[in-house]
Every structure is written in structure tokens, then in C-alpha cells.
Amino acid sequence: MVRISLMRMIAGLLIFLATNSISWAQGSTPKQEGKLRIIAFGAHPDDAEYKVGGSAAMWASLGHQVKLVSVTNGDIGHWQMAGGPLAQRRKAEVLAAAKILGVTTEVLDIHDGELLPTLENRKLITKLIREWQAYVVISHRRWDYHPDHRYVGILVQDAAFMVTVPYFCPDIPFMKKNPVFLYSSDGFTKPYPFVPDVAVALDDVFEKKLAAIHELTSQAYEGGASGSEEYVRSVPPADNPEARKAWLKERWSRRQGDEANRHRELLVRLYGEEKGRAVKFAETFELCEYGGRPNRDELRRLFPFYGK
Ligand SMILES: [Zn+2]
């Protein structure tokens, strides 16, 4: 009996060491005193960058620690190529973007288009949130257009309570304080539309976000799964990067400008009349009802962008 429990202890220790060294290799960074830790999940290697990239750069510029996770490897996300080479290409793209944004990034090795809300994946998402020791967790809503987006939303919602349950995935320390969970923006209205509680002005980091998106060539300039030869011909060519960047800026100015205009009153409420009216570009987020329930002051501590 004694020998068996000793063997169990050694096995437990080995599992502990293995999981911790794996998380280190995947880009976990040690917790820094007084700094926030944010983890944002997207379904594909571009979603978190598109939806949260500007806010991520804002947090990072203040020394906070941000991790962007792509829950699938994006290996069917192109009209012309697929499989391992595309997964590798897309991973390289988000690594380059992360460098510009000043964040950590991770791409999970799950096939694009095949993500399911399984128990195994619920544990995986729980583990990632716990290991990052997140204060803030961001994901898609579960009403988004793509099944992978919807299931990321469900998986993160499913983790929103389980991260605090001691004997769910007991080999990874549970969270004593439940993080605040938020949804990134989308335009879907059924069963109900996106109604943000937080808006972040991107004007100071807009060029940085553009520079990051510029690295996501397979999506930003080749159209991803919805692209075509005609589409690529309609975009300024790779050997004219300045024209490409101008083209990208035009599209994203419209996109992020529309987001600011749609939620102008929220911007005014958060930034005050003068600054709120002047904001050109914004990202917005809606509080999830599960997870931590922040009051106004707590929300301002987690999004430290509004001044006094
Ligand atoms: Zn996507």
C-alpha cells in the first residue's frame, strides 16, 4: 500500500512538472505585481487580433500582460491552400502580429472547422484561463456566424464558472477570484444583439493595430476562405506594401470608425463629453453574465484607459 501511494505521488509530481513545463514552452509569462492579465480567445488565427488587437496594444503599452489564443489552427482558412502548410503560415502570421502588439500568442492544434464543445475542450479552455491567471477573459458570443466562433463562445462560457471549482481539473490550481468575462463585438441580432458595456478608444494605437493586421497576409490581403483569384487581383500587390497598407487602413478606418459611431454614447459616458465625442476608432465589449460581476470602479481598474 505504502509503495502504491508513493508511486502515485511520484506520478502526480511528474504530471505537475510536465504540465507546467508545457505551459512555459507555450508562452506563459510569470505574473508581475500590480499588472493585469488578460486572455482573449478567437476561433482562428486572426479573430482575436481583429476583435481585441487594439485594446491588447493599449494594455500592453501600460505593461499589462495579454495573451491572444486561437482555438483552432486555421488550416482550412484559405481558398487556395489548406492543411499543415496553411496552419504553419497562419501561426507565423499571428506570431508576427503579436510581436507588434506586444502580447503573447498561442495557436491550439485543433482543425479549423472541426471545433466542438466537448468536455475535453472545456478542460483545455479552463486550463488556459487558469494558467494565465487571467483577470479578464474575452471571447466570441455564441450567436456568431461560424460554428468555430459559436463553440469558442460556448466553451468559454462553460469555463466561466468551472475555473473556480477546485476539483474540476484538480491538477491545475483553481481560481480563487473569478475573472471578468466579456464578449467581443459582432453584428448578429438573433436571439439578441451585441450591447457593449465597455468601449476602448483605439486612436493612439490604431497604426499599431493596422501594422499587426498587415502581417495576417493570408486573411487581410488574400481573403482567407472567402477569397478568390479575382479578390487577390483587386488588392494592391505584395510588392507594393505602401499601397497595401493604405488599402488596409481605408477598410479598417471604416470598420473601427463605425464601431465608435455606433456606440458614441457609451464612449461619452466612459471618456467624458469632449474626448468621447472626439474618439475616431473603437473596440467594444459586452459583459458576460457568468464569471466575476465587476462594479463601475472595478471595470475602470480592468480597463485603465479612461482617466479619473
Ligand atoms: Zn474566425
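This is a predicted model: local features need pLDDT of at least 70, side-chain atom pairs count only at pLDDT 80 or more; totals for chains, interfaces and linings use all residues.
**Notebook: helices, sheet and zinc**

I started with helix α4 (residues 119–132), which lies across β1, β2, β3, β4 and β5 and runs at about 155° to β1. Helices (H or I, at least four residues) and strands (E, at least two) are DSSP runs, numbered from the N terminus. Angles run from 0 to 180 degrees between N-to-C directions, with axes fitted as lines to C-alpha atoms, for helices over the stretch in contact; contact means heavy atoms within 4.5 Å.

Residues are numbered from 1 along each chain as its sequence is written, and side-chain values use heavy atoms, leaving out hydrogens and water.

Next I looked up the sheet. It is open, has 7 strands in the order β3-β2-β1-β4-β5-β7-β6, and its pairing is mixed (two strands pair if DSSP finds at least two bridges between them). β3 (104–107) and β6 (198–201) stand at the edges with a single partner strand each, so one side of each has no neighbour in the sheet.

Then I checked the zinc ion. Its donors are H44 (ND1), D47 (OD), D47 (OD) and H149 (NE2), at 2.1 to 2.7 Å. Donors are N, O and S atoms within 2.8 Å of the metal (3.2 Å for Na, K and Ca); water is not among the atoms, so sites may look incomplete. D47 sits in helix α2 and H149 in helix α5 (residues 147–162), so the pair ties together parts 102 residues apart in sequence.
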